[in-house]
Amino acid sequence: MEKDILIVPDVHGRDFWLPALDYPGEVIFLGDYTDPYPQENLTQEDAYRGLLKIVDFKRQNPERVTLLIGNHELHYYARSFGSSGRFSSEYYPKYNEILTGDSTKSFFKVCKQIDNYLFIHAGLTKGWYDLHYRDFAHLGSTLEEQLTNVFFAKMHIFHEASWKYRGGLDDAGSPFWADYRELEDEKEPFNPDIYQIIGHTLIMDPDPVIRSNFSMLDNRQLYVLRNRIIEKYI
């Protein structure tokens, strides 16, 4: 990979992502723009206004800005997915309009693959893929197309969360709900040739979780992928 890529982990109404506005190259947001943490003294209005600014950033830079979907967007696609923490009934109509409205719905996607790097909110596990692989083959020629097309055709399977790692009801978590420990504990990865870059699980450590098959970056910092190395963006 010759180009540098700026990576923005889970936003949740925070403003640490603002330097991305001045970044000249490719920018990938890993999802979770909504539902601030109460202890951080941010409101849903803060998150909503921040998302509007992110959407406008995408609108002005359609080819170089990617907005991925996170589990905290999923429950604003449909109220039936409203079991995620911090869901706001008050802001549901506003978020739903951004995610499903004709002028902006195409801005959001499940994943982005560049060379052997897969950018995806929570991670694609072999366990979850094997449960649903029959849904994928006829819905696109690339993994990126397949996942996005399956999402809009069978959105409910992306609400699956592992009983073992996330207190859900399912054997494996979806690409929006997988715990990074699922990626760590799998006997074999979904694809040994793909390196996944994920967010989803907030860590307080200033350093990200770097493993042989994935990097988990959800610690409120910007990162850049440069020369196949993930570095903090300063």
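This is a short tour of a predicted model, stop by stop.

**Before you start**

Residues are numbered from 1 along each chain as its sequence is written, and side-chain values use heavy atoms, with hydrogens and water left out. Because the model is predicted, local features need pLDDT of at least 70 and side-chain atom pairs count only at pLDDT 80 or more, while totals for chains, interfaces and linings use all residues.

**Stop 1: the sheet**

Select strands β5 to β9. Helices (H or I, at least four residues) and strands (E, at least two) are DSSP runs, numbered from the N terminus. Here 5 strands form an open sheet with mixed pairing, in the order β5-β6-β7-β9-β8. The edge strands are β5 and β8 (209–210), and each pairs on one side only. Two strands pair if DSSP finds at least two bridges between them. Strands of a sheet pair through backbone hydrogen bonds, either parallel or antiparallel.

Zoom in on β5 and β6. They pair in the antiparallel sense over 4 bridges. Now click K112: its bridge partner in β6 is F119.

**Stop 2: helix α5**

Which residues of α5 (143–153) are buried? Select L143, E144, Q146, L147, T148, V150 and F151. Buried means under 20% relative accessible area, exposed over 50%, and partly exposed in between (1.4 Å probe, protein chains only). These buried residues pack against α2 (71–77), β4 (108–109), β5 (111–114), β6 (117–120) and α4 (126–132).

**Stop 3: the largest pocket**

On a 1 Å grid over the protein atoms alone, a pocket is an open set of points with protein on both sides within 12 Å along at least five of seven lines; a cavity is a set of points where a 1.4 Å probe fits but cannot get out; lining residues have an atom within 4 Å of a point. Grid points are joined across faces, edges and corners, and a volume is the space filled by probe spheres set on the points.

The largest pocket holds about 180 Å³ of space. Select its lining: K58, K105, S106, F107, F108, K109, T142, E144, E145, T148 and F152. β4 and α5 are the elements that give two or more residues. α5 gives the most, with 4. Colour by class and you get 3 nonpolar, 3 polar and 5 charged residues. Ala, Val, Leu, Ile, Met, Phe, Trp, Tyr, Cys and Pro count as nonpolar, Asp, Glu, Lys and Arg as charged, and the others, Gly among them, as polar.

**Stop 4: the second largest pocket**

This one has a volume of about 150 Å³. Among its lining residues are W128, W163, Y165 and E186. α4 and α6 (180–185) each give two or more residues to the lining.

**Stop 5**

**Stop 6: G85**

Finish in the loop between α2 and α3 (92–100), where G85 sits. G85 is partly exposed, at 40% relative accessible area. G85 touches D35, H72 and H75, not counting residues up to four places away in sequence. Contact means heavy atoms within 4.5 Å.
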